[in-house]
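Please read the following report alongside the sequence and the coordinates.

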Amino acid sequence: MAASAADENIAESPPEDDSAAVLTAPSKDVCFPQLSDEMREFVVGFIVEEVGSDVKSLRNVDSLLEKLDEENSLLEEQVVTSPGSVPPKVSAALKAAEDAQSSMEELLLKEKDISRKLQQNLQDAQPWMEALTQKMSQVEIVEKHMKYLRCLQHIEELSAVVQQCLMTSSVWDAIRAVESMAKMDAGLSRSKCAHLRDFLRETLHFWHKIIKDRLTGDLEKVLSTLHWPITSPPTQTLTPATNGQELASQLELLVTQLLALQTSDDLIAQRTPSPPSKEEKVLASPQDPPLCLPIQVMLVPLSKRFRYHFYGNRQTNTSSKPEWYLTQVLMWIGNSTSFMEEKIQPILDRANANINAKVELCRGLLTLVQDKVAGDASRLLYDDALFCHLVEEALQFEKELRGNHSYPAPLPGLLHLLLDDAVLQKWLTVERKTAVEKVDAMLSAEGAWSSQYKDIRDVDELKSPDCAETFMTLLHVITERYRSLPCPSAQLKFLELQKELVDDFRIRLTQVMKEESRSPLGPRYCAILNAVNYVSAILTDWGDNVFFLQLQQAAVSLGDEAALGNLGVLEMGRLASLESSLFEGLLALLDRLRNDMMGRLLDGVMRDVTEKAKSYSQDRWFSHPSQHDLSTMSLSSSACPMMLCIRDCLLNLNQFLSLTLFQLAWQGLAERLDSFLYQEVVLSNHFSDGGAAQLQFDMTRNLFPLFGHYCKRPENFFKHVKEACIILCLNVGSAILLKNLIKESASPNDTMTKRPGSDDPSPQSALNELGVYYLASSDVLILLNLRASWPGQ
C-alpha cells in the first residue's frame with residue numbers, strides 16, 4: 001500500500017531534472033504523515049536509490065514490490081509461528097541467556113573456593129615471609145658493611161699508593177691518587193656515615209698537606225734562587241744564573257704539579273666550612289675562584305713582610321698613614337709584573353690554565369690590603385680626620401690599581417669595603433660636615449664675590465665669583481670620589497647629598513642677595529646673580545652628562561624616593577625617557593631666584609632712569625622750532641641726564657654681569673625703556689613738527705646707538721618709540737590721508753577694511769608701507785591726534 005501511494009505521488013508530480021527534490025518534498029508532508037522524520041528520510045532515500053533520476057524506471061516498481069513482499073514473508077516466518085510455540089531465533093536467544101547464567105554461577109562458586117584457598121595459603125606463608133624479610137634485612141646490613149669495608153679498603157689502598165709514590169718520588173701518581181681520594185670525599189658528602197667521612201677527610205688532608213708542603217718547599221727554593229720576592233725595582237745588573245735552564249725546568253714542573261693539585265685543594269676548601277670572621281664576611285665573594293696554588297706559594301713571603309711591617313707595634317703600623325701599606329702593595333705589584341709575565345705566565349699558558357698570573361698576584365695582595373683596610377675603617381669611625389684620610393687613600397689606591405695595573409673591573413678591589421652600612425653612613429656624614437664648613441669659610445672669605453679670572457676676558461665669560469667656583473669644584477670633587485663605587489644605590493645617596501648642598505647654597509645666596517638688594521647695581525649684587533647663573537649652567541651640563549644619566553636610569557629602576565622625590569606618573573615617565581634630569585627641581589628654584597634678581601636689578605635701573613627723565617618727559621614738545629629753522633640738530637638738553645644714566649648703567653652691567661645675563665639685562669632694559677618713553681613722553685605730550693623731529697633725533701641718533709654696541713639693529717627693541725616717531729614725523733598731507741583712512745575703516749557703516757572697487761589701501765597695508773608693523777590702527781589714530789601742527793590749528 002505504501003509503495004502504491006508513493007507510485008501515485010510520483011506519477012502526479014511534474015517531471016523535472018532533479019528527481020530527488022521532486023520525490024522528497026511531497027513525500028515528507030503528504031505521503032507519510034504518520035511516520036517520524038527519520039523514517040521518512042529512510043523511505044525517501046530508499047526510493048531515490050532504487051528508482052533513481054530516470055522517470056522511465058518507474059515501470060520497475062512492480063518488481064520492487066514483489067521483492068519487498070518476499071522479504072516481508074521471510075520476516076513473518078521468523079517471528080510469527082503457530083499459537084503456543086516460540087519463534088526459533090527468540091528461543092535460541094533465551095537458551096543462550098540461560099546457559100550464560102549457569103556458567104556465571106559456576107564461575108562465582110569457583111571464585112569463592114579459590115579465594116578461600118588463597119587466604120589459607122597466605123596465612124600459612126606469613127611465617128615464611130617474616131623470616132624471609134628478616135633474612136633480607138640481615139643481608140642488606142651485611143651488604144652495607146661490605147660497602148663500608150670496601151670504602152675503608154679503597155681509602156687504605158689510595159693511602160698506600162700515595163705513600164709508595166712519595167717514597168719513590170712519583171709525585172704525579174701521588175697527586176692523581178689524592179685527587180681520586182678528594183672525588184671520593186665529594187661523593188660521600190651526603191652519606192650518614194660520619195666516622196667514615198671524618199676518616200676519609202683526615203686521610204685526605206694528611207696526604208694533601210704532605211704533598212703540598214713538599215711541592216711548596218721545592219718551589220720556594222727555586223723562587224729564592226730566582227730572587228723572588230722582588231721587593232725593589234728590578235735591575236739589569238744581576239748576573240744570570242749559570243743553571244738558568246735547569247731552574248726554568250724545575251719551576252715549570254713544580255708550578256704544573258701544584259696546578260694539578262689544585263683540584264683536590266679546591267674540593268678540600270669546599271668541604272671544610274669554618275665560621276667566617278667579620279672581615280671575611282665583608283671580603284666574601286662567592287663568584288671569585290680561589291687563588292691557584294703556585295700564586296699562593298709566591299704570596300707567602302710577601303704576606304710575611306706585610307704582616308711584619310703593618311701589624312703589631314711596628315712604627316710603620318700607624319692609622320694615620322694608610323698610604324704606607326697601600327703604596328707598598330702597589331710597588332710590589334709594579335716590581336713583580338715583569339717576573340709574572342715572563343716567568344710564570346708562559347708556564348700557565350702551556351698548562352692550558354685559564355689564569356692571568358699578574359691578576360692572581362694582585363688578588364692575593366688585595367686580600368691582605370682588604371683585611372687591613374676593613375680593620376682600620378671600623379676603628380676610625382669616630383675620628384673624622386683619620387677616616388677621611390683613609391677613604392681618600394683607598395680611592396687613590398683603587399684608581400691606580402685599575403688604571404696603572406689594569407686590574408679587571410669585575411673583580412672587587414677596596415671600594416666594596418666602603419659600602420658597609422656603618423662606613424658608608426660615616427662617609428656621607430663627614431662629606432656633609434666638611435662641605436658645610438667649606439661653604440661657610442668660602443662665603444666669609446674676603447675675595448668671595450670677586451672672580452679670579454677677572455683680568456682674563458676670554459676665560460671670564462661667566463664672571464662667576466670665587467665662592468661659586470669653589471662650591472662647584474667641591475661638588476665635582478665629591479662626584480669624583482663616589483663615581484667609581486660599584487653600587488648605584490650608594491651613588492644615589494651621594495647625589496642626594498649634593499642636591500642638598502646645592503639647595504643650601506641657593507638659600508645662602510638668597511639671604512646675601514636680600515642684604516644687597518638695596519643697591520642692585522652694585523658689584524656684589526651682580527656677583528650673586530652671576531653665581532646663581534653659574535651654578536644653574538653647571539647643573540644643566542650635568543643633566544646631559546653620561547654618568548648622571550646612568551644614575552637617573554638607576555634611580556628610576558630602583559624607585560629611589562630620595563633621589564626622585566614625590567613625582568607623579570608624568571614626571572617619572574619624563575625621567576625614564578631622559579626628557580628631564582634629576583636636577584629639574586633645583587634648576588627651577590635657581591631660575592626663579594635668577595629671574596627675581598634680574599627683576600630687582602632692572603627695577604633699580606628704571607628708578608634711576610625715571611628720576612633722570614622727569615625733565616625730558618615734561619619738555620615743551622609742542623613749541624619746539626621747526627627743523628628747517630635749525631642749522632644743526634643736537635640732543636635735547638633735558639635728555640642728557642637720562643642718556644648718561646642709561647650709558648653708565650649699561651657699562652656697569654656689561655662689566656659686572658656675565659655675557660648671557662648682560663644680554664638678558666640690556667634687552668629687559670630696552671623693553672622697559674620703550675614702554676616708559678612711549679607712555680611718559682609720547683602719549684603724555686603733543687608734538688609740533690619740530691618737537692617730533694627732535695624726539696626722533698634723540699631716539700635714533702642718541703638712545704638707539706647706546707644699545708647699538710650690543711646688537712646690530714637696536715631699534716627693533718624699541719618698537720613703540722620707533723613707530724611712534726614715524727607717525728609723528730609724517731608730513732601733513734600723508735598724516736591727513738592716513739587719519740581719514742583709519743577713520744573710514746573704523747566707521748560702523750563700513751564693514752570691510754577696503755571698499756569694493758576702491759583703490760584706497762587698507763589701513764594695515766598703508767601702515768606697513770610706512771614701516772609701522774607693531775602699533776594697531778587705534779594706537780596710530782591716538783598718535784595722529786597728538787600732532788599739534790594740523791591745518792587750521
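In which hand, left-handed or right-handed, does H24 pass H26 in their crossing?

## The pairing of H24 and H26

In this predicted model, the crossing in which H24 passes H26 is right-handed. Helix H24 covers residues 640–656 and helix H26 covers residues 689–708, and their axes come within 9 Å of each other while crossing at roughly 15°. Because angles under 35 degrees count as roughly parallel, H24 and H26 are described as roughly parallel to each other.

On the H24 side, the contact is made by Met-643, Ile-646, Arg-647 and Leu-650, whereas H26 contributes Asp-698, Met-699, Asn-702, Leu-703, Leu-706 and Phe-707.

## Two further helix pairs

Helix H12 (residues 322–350) packs with helix H14 (residues 384–403) at an angle of about 10°, and the axes of the two are 9 Å apart. H12 and H14 are therefore roughly parallel to each other. From H12 the contact draws on Pro-322, Glu-323, Tyr-325, Leu-326, Val-329, Leu-330 and Ile-333, and from H14 on His-389, Leu-390, Glu-393, Ala-394, Phe-397, Glu-400 and Leu-401.

Helix H28 (residues 732–746) and helix H30 (residues 777–785) have axes 10 Å apart and pack at an angle of about 135°. An angle has to be over 145 degrees to count as roughly antiparallel, so H28 and H30 are classed as oblique to each other. Their crossing is left-handed, and the residues that make the contact are Ala-735, Leu-738, Lys-739, Ile-742 and Lys-743 of H28, together with Ser-777, Val-780, Leu-781, Leu-784 and Asn-785 of H30.

## Overall composition

The protein contains 30 helices and 0 strands. Of its 793 residues, 39% are buried, and the accessible surface comes to about 45500 Å², with 54% of that area belonging to carbon and sulfur atoms. When contacts between residues at least 6 apart in sequence are considered, 74% of them join residues that are at least 24 apart.

## Backbone features in the loops

The loop between helix H7 (194–225) and helix H8 (244–260) contains Pro-229, and a cis peptide bond, with omega of about 5°, joins Trp-228 to Pro-229. His-227 also lies in the loop between H7 and H8, and this residue has a positive phi of about 65° although it is not a glycine.

Ser-169, likewise not a glycine, has a positive phi of about 60°. Its place is the loop between helix H5 (88–167) and helix H6 (171–187), where Ser-169 counts as partly exposed because its relative accessible area is 48%.

Is Asn-530 buried or exposed? Asn-530 belongs to helix H18 (residues 523–543), and with a relative accessible area of 1% it is buried. Residues up to four places away in sequence aside, Asn-530 touches Leu-462, Lys-463, Ser-464 and Pro-465, and also Phe-656, Leu-657, Ser-658 and Leu-661.

Glu-431 is found in helix H15 (residues 421–444), and because its relative accessibility is 7%, Glu-431 counts as buried. Apart from neighbours within four places in sequence, Glu-431 is in contact with Ile-478, Arg-481, Phe-494 and Leu-497. Thr-610, by comparison, lies in helix H22 (residues 584–612) and counts as partly exposed at 30% relative accessibility. The C-alpha atom of Thr-610 is separated by 9.8 Å from that of Cys-645, a residue 35 places apart from it along the chain.

## Cysteines

How many disulfides does the structure hold? The structure holds 0 disulfides. A disulfide is a covalent bond between the sulfur atoms of two cysteines, and the cut-off applied here requires the two sulfur atoms to lie within 2.5 Å. For Cys-151, the closest cysteine sulfur is that of Cys-193, and because the separation is 8.0 Å, this pair is too far apart for a bond. Cys-467, for its part, counts as buried because its relative accessibility is 1%.

Conventions: Residues are numbered from 1 along each chain as its sequence is written. This is a predicted model: local features need pLDDT of at least 70, side-chain atom pairs count only at pLDDT 80 or more; totals for chains, interfaces and linings use all residues. Side-chain values use heavy atoms; hydrogens and water are left out. Helices (H or I, at least four residues) and strands (E, at least two) are DSSP runs, numbered from the N terminus. Buried means under 20% relative accessible area, exposed over 50%, partly exposed in between (1.4 Å probe, protein chains only). Contact means heavy atoms within 4.5 Å. Accessible areas come from the Shrake-Rupley method with a 1.4 Å probe; for residues, only the protein chains shown count as cover. Axes are lines fitted to C-alpha atoms, for helices over the stretch in contact, and angles run from 0 to 180 degrees between N-to-C directions. Angles under 35 degrees count as roughly parallel, over 145 as roughly antiparallel, 65 to 115 as roughly perpendicular and the rest as oblique. A crossing is left-handed if the near helix is turned anticlockwise from the far one by less than a right angle, and right-handed if clockwise.
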